[in-house]
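The sequence and model come first.

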Amino acid sequence: MSLSNITTEKVKDRADIEEVVNDYVPLKKKGQNLWACCPFHNEKSPSFSVSPAKQIYKCFGCGASGDAIQFVMEVEGIGFNEAIKQLAHKYGIEVEEDHTATPEEVQAYNERESLYIVQAFARDLFHKNLLETDEGKSIGLSYFKERGFNQATIEKFDLGYAMDSWDTLHKSATKAGHSEDILLKGGLILQKEGDPSRKYDRFRGRVVFTIHNLAGKPIAFGARILTNDKKQPKYINSPETAVYHKSDVLYGMYQAKQAIRSKDNCYLVEGYTDVVSMHLSGIENVVASSGTSLTENQIKLIKRFTDNVTVLYDGDAAGIKASLRGIDMLLEGGLNVKAVVFPDGDDPDSYSRKVGSEAFQTYLSEHARDFIEFKIQLYEEEAKHDPIKRADTVRQVVQSVSKIPDPITRAVYVKESAKLLQMEEEIVLAELNKILLKGQKEAYAKPKDKFSPGPPPPDADTPFEAFLPEEKPKLSAKDVLAGQEREMLRLLVTYGFEKISEDLHVCEYLIQETGDLEFQTPLYQKILIEYKRALRKGVLPNADYFIKLDDSEVKSEVINMISNRHEMSDNWQLKHLIYTNRESDDLSKTTFNEIHRLKRRVLEKMVDETIQKIRVAEENGNIDEVSDFQMVLMALNESLKEINKQLGTVKSR
């Protein structure tokens, strides 16, 4: 169920880009804009620009751009509706829902909202149990204190305790007005098999770890038993619900996302206590897979905040080998992977408590190994005097290298692998080729759409160079034309309502003179159509108009059009008495030239297409068509010659 347009418009009108961005990064004024180091990628020199006048941001390093809403979506990793709600809360705007949804959509929305509410109720109850009940304090709080968890950490992670009774949560929740149906769907209570009337709490006599979504809402729980009862599992976790899909969630990501961005690295551990302990050691860029195998969606979640992952392993060689598939998946997901192994018998939680924060941080820094070096060290001891096992080590390493999607990076790792394995590079390369070719053949063998058979399978002798990216071709006439279409739109958006004569605006002149031309680039055609539609409604379609549209593609493109990294200061010109011509100084000349450049690009594209038609006609032996197309080509070249003359350029085709 979506938010009402009234709420969205109120947020758009009230949200100030400077205020919003300043909540995350400190801005410094330089010229007309504000600058900071980009929150979306690691950098030392500020390339992140905020324009209060235009209400936009633009990073000239990574290309990120948008308005206040887009910024919150990106920095928090949340959707449009969540960003609107967050900004509405910031500015004290009442959130209203859209009442045009279907009954099914309303029901699904209401169920999700009810699940969020009941999970928040459970979090608060567990937290209260921990801090305010005798049982909670003597059992749960004592456990956390023994591990060094302080009050601030307990609050930060919403830690709690589930009372050792059958129905504490059930009774409290129903008394507070929560339905049994929602409690069941939220996985907080269970129904006795064979007796639907009997229901009981899922979590009992355990310390509780709250699992949050990216926006910080509690969506699930993990609960650890504190007794040595062998009949009970050590951990019980919430089941999948409409708001919790474990394959999409990493424990601690809500608390870690800002630190992951700023450090440009994510530590990946196994359990809840590992995450909390590392925060106590001053390391906040850490998440946990919570004992489950890594999934593709979890890897994509990490990649939203960084390209670098350091996997932390307990000091157990057998356990490490069993979990190595995770490294290959991370590599396959396009991440750069390092690994740290703790001394035998230790994990991040126990080791950090044993050596203290400073020594723990030093250990992580000094023992982080590239995945190749890590794998070789893992296998080399047992393979030292065994040629068969040594050969298997080579295959294991190359198998990981083959998972890297970028061909250039793969080529670099081939050299590094050969060096560390003390082998000829050609041998490592041959093994890699064999794995890659096998993968391609298997992919080709899978059933495909009969209309999209795909490329033929590679030959066994395909050289490694075939997997390297092809050299970028020169821009085609179509690409050049797209650039010119973009330039015309930039002038329309920037200067559309400036006058070039007493009774003629830039937008009127540009649109009149190019009315017979149809833009070839879909995105630019969409922007132009929207521009003309706004004009017909009597609306001024300036940059602000497009930035407020609910079209991220259009919004991003318009921001890129109007963003300049370097601006000439008027004060600088006055001080040094050096003046430069700007396009705005003579808009009549600027627009005249722009119209002719656009027409020239259109003609150049038509020339290219006509030449291609002549070639096809010649190959088919169609002399009449060749003659007709040659006449067309002559006319096009004459038109080009005239336009080049108008622009003061000499250009032959």
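Tyr267 stands opposite Val286 of β13. Strands here are DSSP runs of E with at least two residues and helices are runs of H or I with at least four, numbered from the N terminus; two strands pair if DSSP finds at least two bridges between them.

The model is predicted, so local features need pLDDT of at least 70 and side-chain atom pairs count only at pLDDT 80 or more, while totals for chains, interfaces and linings use all residues. Residues are numbered from 1 along each chain as its sequence is written, and side-chain values use heavy atoms, with hydrogens and water left out.

The open sheet has 5 strands in the order β13-β12-β14-β15-β16, with mixed pairing. At its edges stand β13 (286–288) and β16 (369–370); each has a single partner strand, so one side of each lacks a neighbour in the sheet. Helix α15 (residues 348–355) packs on this sheet and touches β12, β14 (308–315) and β15 (336–344), where contact means heavy atoms within 4.5 Å. The direction of α15 makes about 65° with that of β15; axes are lines fitted to C-alpha atoms, for helices over the stretch in contact, and angles run from 0 to 180 degrees between N-to-C directions.

The largest nonpolar core has 74 residues, and Phe48, Met253, Leu330 and Phe371 have the most contacts inside it. Another core, apart from that one, has 53 residues, including Val208 and Tyr244. Such a core is a set of buried Ala, Val, Leu, Ile, Met, Phe, Trp, Tyr and Cys residues joined through side-chain atoms within 4.5 Å.

Buried means under 20% relative accessible area, exposed over 50%, and partly exposed in between (1.4 Å probe, protein chains only).

| Residue | Relative accessible area |
|---|---|
| Cys266 | 0% |
| Cys507 | 4% |
| Ser238 | 7% |
| Lys199 | 17% |

The count of disulfides is 0, taking a disulfide as a pair of cysteine sulfur atoms within 2.5 Å.

Lys199 is in strand β8 (residues 199–201). A polar contact of 3.3 Å joins its side chain to that of Glu180; such a contact is a pair of N or O atoms within 3.5 Å, where within protein one must be able to donate a hydrogen and the other to accept it, and residues adjacent in sequence count only if both atoms are side-chain atoms.

Ser238 sits in the loop between β11 (235–237) and α10 (253–263). A polar atom of the Ser238 side chain lies 2.8 Å from the backbone nitrogen of Phe221.
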